[in-house]
Amino acid sequence: MSSSNLPSYFPAEWKFGTDGIRGPVESKMNPLFMVKLGWAAGKILKENGIDGILIGKDTRISGYMIESALESGFISAGIDVTLVGPMPTPGVAHLAKSTHQAGVVISASHNTFSDNGIKFFTKEGFKFDFKLEKKIEKALLEESSVVESSKLGKANRLVDAQERYIEFCKSTSSNLDLSGLSLVLDCANGANYSIAPKVFSDLGAEVISISTSPDGTNINEKCGSTHPENLKKSVLSNKADLGIAFDGDGDRLLFVDKQGKELDGDDLLYVLIARSVSENSIEPYKGIVGTLMTNKSLELFLNKEGIEFHRTDVGDKYILRALKERNWILGGEPSGHIICLDHTTTGDALIASLKLLESLKGLNFDISKVLSSFNKLPQKLISFEVNDAHKVIMNSSVRSEVSNLEKKLGEKGRVLIRPSGTEDLIRVMVEASSKELADNFAEELAEYINKVA
């Protein structure tokens with residue numbers, strides 16, 4: 001089979017993207033393709049000496065269908081399957097590592113329920129690298145086969161999967177006592193709906209939970225880290241100390257302080273580092289990894305403290321790669337993916353939240369006291385559809401326009417245009433010394449690109 005003669009059930013975009021494979025259920029994530037994907041991944045795992053895989057999922061209604069299809073594909077390739085049910089993405093990574101088998105998560109993260117996706121993990125708990133993904137893509141082009149009956153895989157269920165992950169999360173901050181903390185949790189009607197409230201209440205917090213009633217179609221629906229309006233209202237109405245929102249698969253987070261102010265990933269990284277500096281325990285943070293979207297003010301703060309800073313492309317897989325290459329332990333991006341590599345192998349919103357609360361314990365969890373000295377440069381981000389984002393970005397006139405704006409901003413700002421890694425969009429970001437300047441330049445550039453495109 002060649003890539004130019006694919007079966008009808010293959011989606012138009014069937015290769016791995018920035019974060020696994022993701023798209024509409026009716027087309028890209030259709031069950032026939034999922035069976036083939038399970039078989040192809042199983043074949044490659046077998047060749048690498050792996051005989052078992054965990055399958056976890058978020059709360060989307062399509063998860064049942066995709067889970068069954070992947071299960072069939074894996075079993076046909078001779079791979080044993082362990083089903084763990086609803087489980088945050090980092091929970092599957094942890095369980096894969098602790099049980100010495102591969103893992104796959106069925107989730108489209110912060111997307112609406114009509115999308116779904118898959119993310120693979122190695123038996124060490126890390127996302128599949130580029131080379132492994134390419135091997136699976138090559139196997140997808142082969143004719144499917146079934147191992148002889150005696151070598152077919154088997155299926156079982158890990159009945160205490162959630163309990164294992166809950167205990168692991170608590171163990172990362174074993175001395176943390178949250179007694180006296182009033183905390184609102186927005187679980188996005190997603191994979192953390194039953195796990196997160198249990199973790200924080202076990203540690204003594206007074207927990208007020210919202211968006212914890214998934215029905216298969218309400219995941220991320222006007223809730224979670226991408227829609228924090230309800231979280232803000234709940235924090236203010238309950239006079240809570242803090243609010244934390246997760247996304248659908250539990251690998252990214254957003255904090256809201258007691259005044260209802262949103263705090264993104266840059267704010268949270270600053271809190272972790274600044275508290276370590278103030279307590280003279282900065283030694284572990286030899287360097288920090290951010291992305292092209294990380295606010296320049298964080299970079300300037302790190303430079304002042306003598307801490308190295310490295311930017312990567314947007315995406316937690318790139319942050320992780322840079323951390324491993326440099327033997328550093330902390331990185332993240334404004335969207336709320338924070339990797340604490342001393343405890344986890346991937347972005348974990350629960351564990352990052354616990355580390356943040358641990359750092360704030362001495363301040364009675366008043367996060368605003370830390371952030372009062374962190375003045376971020378205003379950013380304006382505009383996302384819109386174009387026919388070919390990569391072609392637009394390489395357009396000479398667009399690049400010239402970007403260069404002109406950069407000269408106007410000088411050292412007090414940045415301009416960035418990039419394709420979305422998960423959607424058919426181009427993103428324009430301008431960072432400047434004032435909100436007005438950032439807004440004007442971003443709108444000016446977006447209007448220019450639309451004319452050219």
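**Loop, strand and cavity features of the predicted model**

K222 is found in the loop between strand 8 and helix 7. In this predicted model, the residue is exposed, with a relative accessible area of 63%. The backbone of K222 has a phi near 50°, a positive value in a residue other than glycine. S211, which lies in the loop between strand 8 and helix 7, likewise has a positive phi, near 55°, and is not a glycine. S211 has 17% relative accessibility; because the limit for a buried residue is under 20% relative accessible area, S211 counts as buried.

N220 is also placed in the loop between strand 8 (206-210) and helix 7 (229-237). With a relative accessible area of 5%, N220 is buried. Its side chain reaches the backbone oxygen of S109 at 2.9 Å. Beyond residues up to four places away in sequence, the contacts of N220 comprise R60, S109, H110, N111, A188, H227, D247 and G248.

Strand 9 (residues 242-246) is mostly covered, with 5 of its 5 residues buried. L242, I244 and F246 point one way from the strand, whereas G243 and A245 point the other way, and all are buried. Strand 9 pairs with strand 7 (residues 182-186) in the parallel sense over 4 bridges, and I244 of strand 9 is the bridge partner of L185. Strand 9 is also joined to strand 10 (residues 253-257) by 5 bridges, in an antiparallel arrangement. Here F246 has L253 of strand 10 as its bridge partner. The hairpin of strand 9 and strand 10 has 6 residues between the strands, and G250 in this hairpin takes a positive phi near 75°.

A further antiparallel pair is formed by strand 17 and strand 18 (residues 426-431), which are joined by 6 bridges. Within this pair, R418 stands opposite R427 in strand 18. Strand 17 (residues 414-419) is mostly covered, 5 of its 6 residues being buried.

Among the helices, helix 5 (residues 161-171) has A161, Y165, I166, F168, C169 and K170 as buried residues. The buried residues of helix 5 pack against both strand and helix elements, namely strand 3 (80-86), helix 3 (89-99), helix 6 (195-202) and helix 11 (349-360).

The structure holds 1 cavity of 30 Å³ or more. The volume of the largest cavity is about 80 Å³. Its lining consists of F16, T18, D19, G20, I118, K119, F120, K127, F128, E133 and K317. By residue class, this lining divides into 4 nonpolar, 2 polar and 5 charged residues. The element that gives the most to the lining is strand 5 (residues 115-121), with 3 residues.

T122 is placed in the loop between strand 5 and helix 4 (130-140). At 17% relative accessibility, T122 counts as buried. When residues up to four places away in sequence are left aside, T122 touches A96, Q101, A102 and F128. One of these contacts, F128, is also among the residues that line the largest cavity.

Note on methods. Residues are numbered from 1 along each chain as its sequence is written. This is a predicted model: local features need pLDDT of at least 70, side-chain atom pairs count only at pLDDT 80 or more; totals for chains, interfaces and linings use all residues. Side-chain values use heavy atoms; hydrogens and water are left out. On a 1 Å grid over the protein atoms alone, a cavity is a set of points where a 1.4 Å probe fits but cannot get out, and a pocket is an open set with protein on both sides within 12 Å along at least five of seven lines; lining residues have an atom within 4 Å of a point. Grid points are joined across faces, edges and corners, and a volume is the space filled by probe spheres set on the points. Helices (H or I, at least four residues) and strands (E, at least two) are DSSP runs, numbered from the N terminus. Ala, Val, Leu, Ile, Met, Phe, Trp, Tyr, Cys and Pro count as nonpolar, Asp, Glu, Lys and Arg as charged, and the others, Gly among them, as polar. Buried means under 20% relative accessible area, exposed over 50%, partly exposed in between (1.4 Å probe, protein chains only). Contact means heavy atoms within 4.5 Å. Two strands pair if DSSP finds at least two bridges between them. A polar contact is a pair of N or O atoms within 3.5 Å; within protein, one must be able to donate a hydrogen and the other to accept it, and residues adjacent in sequence count only if both atoms are side-chain atoms.
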